[in-house]
Amino acid sequence: MSKGLLIVGEDMCAEVVSSADAFTAVEAVFGAMAKGDAYNFPVIREAIGYADALYGFKSGFDKAGKTLGVKSGGYWPGNMDKGLTNHQSTIFLFDPDTGMLEALVGGNYLTAVRTAASSSVSIAHLARKDAKVLGMVGAGHQSTFQLRAAAEQRSFEKVVAWNPHPDMLPRLGAVAEELGLEFEAVTQEELGAQADVIITITSAFEPLLMKDWIKPGTHIACMGTDTKGKQEVDPELLASATVFADEIAQSITIGEAQHAVASGHLSESDITPIGAVINGTHAGRSSDQEITLFDGTGVGLQDLAVASVAAREAESRGKATRIAL
C-alpha cells in the first residue's frame, strides 16, 4: 500500500466485498487459527451504563495472512428507532512490520457479512448434503445476511422461520421469495420438526429451542450468543450434539456453550474448532443421523480478514481514500 491512511467507508465495503469473498476469508482464518498461525486477543465487552449499550474491542493477529488490527464497537438497542443499525463498529488495520495504522474500515456491513459467512462455513462443512429445509430463528437485520449466505451452500427448497416479534418476519419472507424459496412462519417446535439446518440469530437470554424439538441429522448454527448471559438453545441440546466452535475459549465463556459447560452438560474437551474440519484433521459430521452444532461467537480475526479484503479491493479498484495522519 502507498503512504497515508486508507479509508474505506460503509458503502464501499458493500460494493467490494461479496458474501463469497467473506466466505473465503473467514474459512481461511478459521483454518489458520486451528493451525496456530493466527490468534485472537482477549475480548473486552462491557455494558457502558448509558443508552443500554454494549461496547468493546475484538483484536488479533493472523501471522499467515499478515493481518493485525482491532475492531471497536458494540450494540445500541435504540438505534433502530433512529433509522440506524443497532450494531455499530469500525475496524483498524495496522502494519505488522511497523505498527503504523494502515487502514480505517467501516465495520457495520462487514460485521453482518462475516457473521453470515461464519455460519455459512459451518453449513458447508457440517450440514447434510441433502438438506432441503432451512430454519431461521430470528428476523432482525442480521437474519437476511444469514439467509442469503446459507442459500449459497445447500439446495434448500423451503425456509421456516420464527421470531419473538412476528411482524418482522415478512422482510425475511421477501428475501426467501427473491431466492425462489418457499417461506412459512411457524412455531419454534414446528421449526425444529421441519428444518434440516437451523440458524439462530437473536439477542435472547433464554433457550428458544429445546432438545426434544430437534430431529436427527440437523445442523444448528448458533450465531446470536456473544456475551456472558446470552442464550439461544437448551444446554441438553449441546450435550446431545457434536459441538464445533469458531474459538473454544470464547465458546465456553461468552458463547452458547457457556451454559452447557456451567451446568455440567458439556466439557471444554467436547468442543472442536471448526478450523480442524476445514484443515481435514477432524472428519466433521460422521453420519446422517448425527446432530451437529456450531457455536459462532464471532472472533476479531473474522473482522480483520474481511476488512483486509475490503482495503485491498477498494485500493486496487482506485475507489479508496487516503489521507495523511
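Keep in mind that the model is a predicted one.

**Helix α3 with helix α4**

- On the α3 side, the contact residues include Tyr 109, Ala 112, Ala 116 and Ile 123, while α4 brings residues including His 141, Phe 145 and Ala 149.
- This contact of α3 with α4 has 8 nonpolar residues, 7 polar ones and no charged ones.

**Helix α4 with helix α5**

- Helix α5 spans residues 169-178, and its axis comes within 10 Å of the α4 axis, with the two crossing at roughly 20 degrees.
- Angles under 35 degrees count as roughly parallel, so α4 and α5 are described as roughly parallel to each other.
- Here too you can look for the handedness: α4 passes α5 in a right-handed crossing.
- His 141, Ser 143, Thr 144, Leu 147 and Arg 148 make the contact from α4, and they meet Arg 171, Leu 172, Val 175, Ala 176 and Glu 178 of α5.
- Sorted by class, the contact of α4 with α5 holds 4 nonpolar, 3 polar and 3 charged residues.

**Helix α3 with helix α11**

- Leu 110, Thr 111, Arg 114 and Ser 118 of α3 touch Gln 302, Asp 303, Val 306, Ala 307 and Ala 310 of α11.
- The classes in the contact of α3 with α11 are 4 nonpolar, 3 polar and 2 charged.

**The largest pocket**

- The largest pocket holds about 1000 Å³ of space.
- Its lining has 48 residues, and those closest to the centre are Tyr 75, His 87, Gln 142, Thr 202 and Ser 203.
- Strands β3 (44-47), β4 (54-62), β5 (67-75) and β6 (87-94), along with helices α3 and α4, each give two or more residues to the lining.
- By class, the lining of the largest pocket has 14 nonpolar, 27 polar and 7 charged residues.

Notes
Residues are numbered from 1 along each chain as its sequence is written. This is a predicted model: local features need pLDDT of at least 70, side-chain atom pairs count only at pLDDT 80 or more; totals for chains, interfaces and linings use all residues. Side-chain values use heavy atoms; hydrogens and water are left out. Contact means heavy atoms within 4.5 Å. Helices (H or I, at least four residues) and strands (E, at least two) are DSSP runs, numbered from the N terminus. Ala, Val, Leu, Ile, Met, Phe, Trp, Tyr, Cys and Pro count as nonpolar, Asp, Glu, Lys and Arg as charged, and the others, Gly among them, as polar. On a 1 Å grid over the protein atoms alone, a cavity is a set of points where a 1.4 Å probe fits but cannot get out, and a pocket is an open set with protein on both sides within 12 Å along at least five of seven lines; lining residues have an atom within 4 Å of a point. Grid points are joined across faces, edges and corners, and a volume is the space filled by probe spheres set on the points. Axes are lines fitted to C-alpha atoms, for helices over the stretch in contact, and angles run from 0 to 180 degrees between N-to-C directions. Angles under 35 degrees count as roughly parallel, over 145 as roughly antiparallel, 65 to 115 as roughly perpendicular and the rest as oblique. A crossing is left-handed if the near helix is turned anticlockwise from the far one by less than a right angle, and right-handed if clockwise.
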